[in-house]
Amino acid sequence: MRRLLFAALLVSAAIPALATTPAPSPTPSTKAEVPPPPTISDDNTGPEPEVRIIQKGKEKIEEYRMNGHLYMVKVTPAVGPAYYLIDEEGNGQLKQVNPNRRIITPQWVLKRF
């Protein structure tokens with residue numbers, strides 16, 4: 001019984017001492033704070049390619065433009081397989097793509113001089 005009374009006294013004396021102890025201040029972190037992720041809007045305002053389809057009899061020509069610049073033409077002839085003409089260098093010169101070339105590497109224009 002004495003031990004229980006002594007423990008209760010000891011705890012009651014320690015409670016006010018804990019209440020007056022100031023909270024530790026947050027230490028400044030050396031890491032930079034991570035910004036929140038970007039929000040995705042519902043309206044798709046990004047550039048979309050313009051496709052113009054020209055039908056000449058059984059032959060079909062599809063012109064693909066981005067910002068008014070013609071970058072690809074798909075030609076579907078009346079007889080035979082379809083083929084593509086692509087402006088690979090961005091200079092307006094369309095070249096036929098080799099149908100045996102299966103791997104197409106992504107190409108982006110980083111800077112124009």
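Two strands are said to pair if DSSP finds at least two bridges between them. Strands (E, at least two residues) and helices (H or I, at least four) are DSSP runs, numbered from the N terminus.

**Figure 1. The chain contains one helix and five strands.** This is a predicted model, in which local features need pLDDT of at least 70 and side-chain atom pairs count only at pLDDT 80 or more, while totals for chains, interfaces and linings use all residues. Residues are numbered from 1 along each chain as its sequence is written, and side-chain values use heavy atoms, with hydrogens and water left out. Along the sequence the elements follow the pattern α-β-β-β-β-β. The mean pLDDT (the predictor's confidence in each residue, from 0 to 100) is 75 for the chain, with 59% of its residues at 70 or more. Of the 113 residues, 9% count as buried; buried means under 20% relative accessible area, exposed means over 50%, and partly exposed lies in between (1.4 Å probe, protein chains only). Of the contacts (heavy atoms within 4.5 Å) between residues at least 6 apart in sequence, 1% join residues at least 24 apart.

**Figure 2. Five strands form an open sheet in the order E1-E2-E3-E4-E5.** The pairing in this sheet is antiparallel. E1 and strand E5 (95-96) are the edge strands, and each pairs on one side only. Strands of a sheet pair through backbone hydrogen bonds, either parallel or antiparallel.

**Figure 3. Strands E1 and E2 form a hairpin with two residues between them.** E1 covers residues 50-56 and E2 covers residues 59-66; seven bridges join them in the antiparallel sense. Gly57, in the turn, has a positive phi of about 65°. Further along the pair of strands, Arg52 stands opposite Glu63 in E2.

**Figure 4. Strands E2 and E3 form a hairpin, again with two residues between the strands.** E3 spans residues 69-76 and runs antiparallel to E2, with seven bridges between them. Asn67 in the turn has a positive phi, here about 55°. Val73 in E3 is the bridge partner of Glu63.

**Figure 5. Glu63, in strand E2, is buried because its relative accessibility is 14%.** Leaving aside residues up to four places away in sequence, Glu63 touches Glu50, Val51, Arg52, Ile54, Leu70, Met72 and Val73. The side chain of Glu63 also makes a polar contact with the side chain of Arg65, at 3.3 Å. A polar contact is a pair of N or O atoms within 3.5 Å; within protein, one must be able to donate a hydrogen and the other to accept it, and residues adjacent in sequence count only if both atoms are side-chain atoms.

**Figure 6. Arg52, Glu63 and Arg65 are linked in a network of salt bridges.** A salt bridge is a side-chain nitrogen of Lys or Arg within 4 Å of a carboxyl oxygen of Asp or Glu. In the salt bridge of Arg52 with Glu63, the closest N and O atoms are 3.8 Å apart. Arg52 lies in strand E1 and Glu63 in strand E2, so this pair ties together parts that are 11 residues apart in sequence. Arg65 forms a salt bridge with Glu63, with the closest N and O atoms 3.3 Å apart. Arg65 counts as partly exposed because its relative accessible area is 25%.

**Figure 7. The side chains of Lys60 and Glu62 meet in a salt bridge.** The N to O distance is 3.7 Å. Lys60 is partly exposed, at 29% relative accessibility, whereas Glu62 is buried, at 9%. A search of the whole structure finds three salt bridges.

**Figure 8. Tyr64 and Tyr71 form an aromatic pair.** Rings of Phe, Tyr and Trp (its six-membered ring) pair if their centres lie within 6.5 Å; planes under 30 degrees apart count as stacked, over 60 as edge-to-face and the rest as tilted. By this rule the structure has one aromatic pair. The rings of Tyr64 and Tyr71 are tilted, with 6.5 Å from centre to centre and 50° between the planes. Tyr64 is buried, with a relative accessible area of 17%, and Tyr71 is partly exposed, with a relative accessibility of 27%.
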